[in-house]
Amino acid sequence: MKSIIKTGISVIVAGLLISCSSDTKTAELKLASIQCGMCTSNVETAVADLEGVSKVEVDLDNKIGKVTYKASIIDLAAIEKAIAAVGYDANNTKADPEVYADLAMCCKLPEDQ
Ligand SMILES: [Cu+2]
């Protein structure tokens, strides 16, 4: 009898842990247009400022951003939009052309330099 209760409790606890952790997601974003360290910090700052984002790491060599966020607060589309708003492509979301035009020369695509 006791073990049934124990099993029941551990199932409930496991359920809580799962529902809690499923809210936190880690996604990889393709950042095809980043060129240098300045781009890296521009993107990291823009994403880190978003509510619900707990971690962001940009890998310049592979042009990938790894973002950890709470899915109940923010979604990937909003993160992509924030990156586009500072002048960079994120997955299939294109950079805001006006902001891109104002980026430093070193942050532009090779064909625009
Ligand atoms: Cu740059």
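Is Lys94 buried or exposed? Select Lys94 and show a surface: with a relative accessible area of 59%, Lys94 is exposed, where buried means under 20% relative accessible area, exposed over 50%, and partly exposed in between, with a 1.4 Å probe and protein chains only.

Before going further, keep in mind that this is a predicted model, in which local features need pLDDT of at least 70 and side-chain atom pairs count only at pLDDT 80 or more, while totals for chains, interfaces and linings use all residues. Residues are numbered from 1 along each chain as its sequence is written, and side-chain values use heavy atoms, with hydrogens and water left out.

**The salt bridges**

Asp89, at 14% relative accessibility, counts as buried. Next select Lys81, which is found in helix H3 and is exposed, with a relative accessible area of 62%; its C-alpha atom is separated by 8.5 Å from that of Lys94, 13 residues apart along the chain.

A search of the whole structure finds two salt bridges, and the other can be shown by selecting Lys70 and Asp23, whose side chains meet at 3.6 Å, N to O. This pair links distant parts of the chain, 47 residues apart, with Lys70 in strand E3 and Asp23 in the loop between helix H1 (2–21) and E1. Helices (H or I, at least four residues) and strands (E, at least two) are DSSP runs numbered from the N terminus. Lys70 is partly exposed, with a relative accessible area of 34%, whereas Asp23 counts as buried at 17%.

**The sheet**

Now switch to a cartoon view and select the three strands, which form an open sheet in the order E1-E3-E2 with antiparallel pairing; two strands pair if DSSP finds at least two bridges between them. Strand E1 (24–30) and strand E2 (53–59) stand at the edges, each with a single partner strand, so one side of each is left without a neighbour in the sheet. Neighbouring strands are turned by 15° against each other on average, direction ignored; axes are lines fitted to C-alpha atoms, for helices over the stretch in contact, and angles run from 0 to 180 degrees between N-to-C directions.

Zoom in on E2 and E3 (residues 64–70), which run antiparallel and are joined by six bridges. Val53 has Tyr69 in E3 as its bridge partner, and Val58 stands opposite Gly65 in E3. In the hairpin of these strands, which has four residues between them, Lys63 takes a positive phi near 55°.

Within H2, select Thr40, which is buried, with a relative accessible area of 11%, and which touches Val58 and Leu60, not counting residues up to four places away in sequence.

**The nonpolar core**

Which residues of the largest nonpolar core touch the most other members? Of its 22 residues, these are Leu31, Val43, Val47, Val67, Ile79, Ile83 and Tyr88, the core being a set of buried Ala, Val, Leu, Ile, Met, Phe, Trp, Tyr and Cys residues joined through side-chain atoms within 4.5 Å. E1, H2, E2, E3 and H3 each supply at least two residues of this core. Centre the view on Ile83, which touches Leu29, Leu31, Val43, Val47, Tyr88, Asp89 and Ala90, not counting residues up to four places away in sequence.

**The copper site**

Finally, select the copper ion, whose protein donors are Cys36 (SG), Cys39 (SG) and Cys107 (SG), lying 2.1 to 2.2 Å from it. Donors are N, O and S atoms within 2.8 Å of the metal (3.2 Å for Na, K and Ca), and water is not among the atoms, so sites may look incomplete. Cys39 lies in helix H2 and Cys107 in the segment after helix H4 (97–101), so the pair ties together parts that are 68 residues apart in sequence. Cys39 counts as buried at 0% relative accessibility, and Cys107 counts as buried at 0%.

Methods
Contact = heavy atoms within 4.5 Å. Salt bridge = Lys/Arg side-chain N within 4 Å of Asp/Glu carboxyl O.
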